[in-house]
Amino acid sequence: MPTIRNQIRELRAAREMTQQQLADRIGVTRQTVIAIEQDKYSPSLETAFKVALVLGVPLDQCFQYDPRGKR
Amino acid sequence: MPTGLSYREKSLYASLLTELCVYGPYFFLHQHNSVNKVAGMIIAIIVLQTILQAIIAAFTRNRITDERDRLIELRGYRAGYLTIASLMVVGLGMLWFHATVGHLPMDNRMMGLHFLSVFFGMLVVADITKTATQIVAYRRAI
């Protein structure tokens, strides 16, 4: 289980937003959104805040830190 | 060209293709290396890279690069640096061995061309390692 998990896929789907639309709004590539959603890449704090802002939820609803997780 | 690839990935595939197409024949087909051939190869790399990168840029609408691209680029440079540093140690060790044992029947000019080729080969291997590492990182979605 990764150290940082996220609910971006679920939150994005609830807003009927595509990966490309989210990527455009936070200023990253679609491939980066895919990597974040698959828990293969942990974004910078700045990007994490942008994701939360675009999805309209608090940061800790998007990303959760698991101290027992392994990368 | 696959549409699932980002601009950076397409660019890296083009670089790897160019490197293999130009360096491959040089190192595996040419028996006698020379300064002219090295210069020709550098010109070929520049021309091919310019053409391919221009085509990719023309056919890719979204050309943004982000933090993940920069992270992967850094990983590539680290792999390239470790490769060239390791090869340098091996190369210098071989030079020391040849100098100590003294079984290198070459005149000074041949010696110069020999080491030009060897050290250029190290640069090439490091460059290919750098590009390949970045492609692997993209494929593993890191």
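The dialogue below goes through some helix packing and backbone features of a predicted model.

Biologist: Why are H2(A) and H4(A) called oblique to each other?

Modeller: The axes of H2 (residues 19-26) and H4 (residues 45-55) of chain A cross at roughly 120°. Roughly perpendicular covers 65 to 115 degrees and roughly antiparallel starts over 145, therefore the pair counts as oblique. The axes come within 9 Å, and the crossing is right-handed.

Biologist: Which residues make that contact?

Modeller: H2(A) brings A:Leu22, A:Arg25 and A:Ile26, while H4(A) brings A:Thr47, A:Lys50, A:Val51 and A:Val54. By class, four are nonpolar, one is polar and two are charged.

Biologist: What makes the buried residues of H4(A) line one face of the helix?

Modeller: The buried residues in H4(A) are A:Thr47, A:Val51 and A:Leu55. Viewed along the helix axis, the buried residues of H4(A) lie within an arc of 65°, so they share one face. An α-helix has 3.6 residues a turn, so positions three or four places apart point the same way. On the other side of H4(A), A:Leu45 and A:Glu46 are exposed.

Biologist: What covers the buried residues of H4(A)?

Modeller: The cover includes H1 (8-14), H2 and H5 (59-62) of chain A, together with H3 (67-101) of chain B.

Biologist: How many residues does each chain give to the contact between chain A and chain B?

Modeller: Chain B gives seven residues and chain A gives 12 residues. On the chain B side, three are nonpolar, one is polar and three are charged.

Biologist: How do you know whether A:Glu16 is buried or exposed?

Modeller: A:Glu16 has 7 other C-beta atoms within 10 Å. The cut-off for exposed is 12 or fewer, so A:Glu16 is exposed. A:Glu16 sits in the loop between H1 and H2 of chain A, and its phi is positive, near 50°, although the residue is not glycine.

Biologist: Why is A:Asp39 called partly exposed?

Modeller: A:Asp39 has 17 C-beta neighbours inside 10 Å. Buried needs 20 or more and exposed needs 12 or fewer, so A:Asp39 falls in between and counts as partly exposed. This residue is in the loop between H3 (30-37) and H4 of chain A. A:Asp39 has a positive phi of about 60° and is not a glycine.

Biologist: Which residue follows H4(A), and what is its phi?

Modeller: A:Gly56 follows H4(A), with a positive phi near 70°.

Terms used:
Residues numbered from 1 in each chain as written. Chains lettered and ligands numbered in written order. Predicted model: local features only at pLDDT ≥ 70, side-chain atom pairs only at ≥ 80, totals over all residues. Axes fitted to C-alpha atoms, helices over the stretch in contact; angles between N-to-C directions. Helix = DSSP H or I, 4+ residues; strand = E, 2+ residues; numbered from the N terminus. Parallel < 35°, antiparallel > 145°, perpendicular 65-115°, else oblique. Left-handed = near helix turned anticlockwise from the far one by under 90°. Contact = placed C-beta atoms within 7 Å. Nonpolar A, V, L, I, M, F, W, Y, C, P; charged D, E, K, R; others polar. Arc of directions from axis to C-beta.
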